[in-house]
Every structure is written in structure tokens, then in C-alpha cells.
Amino acid sequence: MTPIEQEIIDLYNQGLAIEEISEELGISESSVFTILDENNEL
């Protein structure tokens, strides 16, 4: 797992929405969704 993947998972587990995570990290919502899905977080 890359550091960005871990950060996305951490933010999601803290209660941030996919949209909020994408805005905070400057990446697309689809990228956030894909990472969460691939790591069985959804």
C-alpha cells in the first residue's frame, strides 16, 4: 500500500466523504473511490 492509499483510507475511516477526501488531496473522486474499493473499505 502506498502512502497516499493509506492516507485516503485513514481520512475515510475518520468520517470524511469521498468528495471531501478528493478535495483535500487534490485527486479525483473516482481515484478515491477506486482506492477504497480495491482495499475493501467500501
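I started at Glu7, which I found in helix H1. A reminder to myself: this is a predicted model.

Next I looked up how open Glu7 is. Its relative accessibility is 35%, so I put Glu7 down as partly exposed.

Then I asked myself which residues form the negative surface patch. I listed Glu7 and Asp10, then Glu19, Glu20, Glu23 and Glu24, and lastly Glu29.

Which helix gives the largest share of that patch? I noted H2, with four residues. Helix H1, covering 3-13, and helix H2, covering 18-25, each bring at least two residues to the patch.

After that I stepped back to the whole chain. I counted three helices and zero strands. Read from the N terminus, the order of elements is α-α-α. For the extent, I wrote down about 20 × 20 × 15 Å for the C-alpha trace along its principal axes.

I also checked burial and surface. Of the 42 residues in the chain, 24% are buried. The accessible surface of the chain is about 2800 Å², and carbon and sulfur atoms hold 44% of that surface.

My last look was at contacts. Among those in the chain with a separation of 6 or more, 37% join residues 24 or more positions apart.

Conventions
Residues numbered from 1 in each chain as written. Predicted model: local features only at pLDDT ≥ 70, side-chain atom pairs only at ≥ 80, totals over all residues. Heavy atoms only, no water. Patch = residues over 30% accessible without salt bridge, like charges linked within 9 Å, V, L, I, M, F, W, Y side chains within 5 Å. Areas by Shrake-Rupley, 256 points an atom, 1.4 Å probe, with all protein chains shown as cover. Salt bridge = Lys/Arg side-chain N within 4 Å of Asp/Glu carboxyl O. Lys, Arg positive; Asp, Glu negative; His and termini not counted. Charge placed at Lys NZ, Arg CZ, Asp CG, Glu CD. Buried < 20%, exposed > 50% of the residue type's maximum accessible area, 1.4 Å probe, protein only. Contact = heavy atoms within 4.5 Å.
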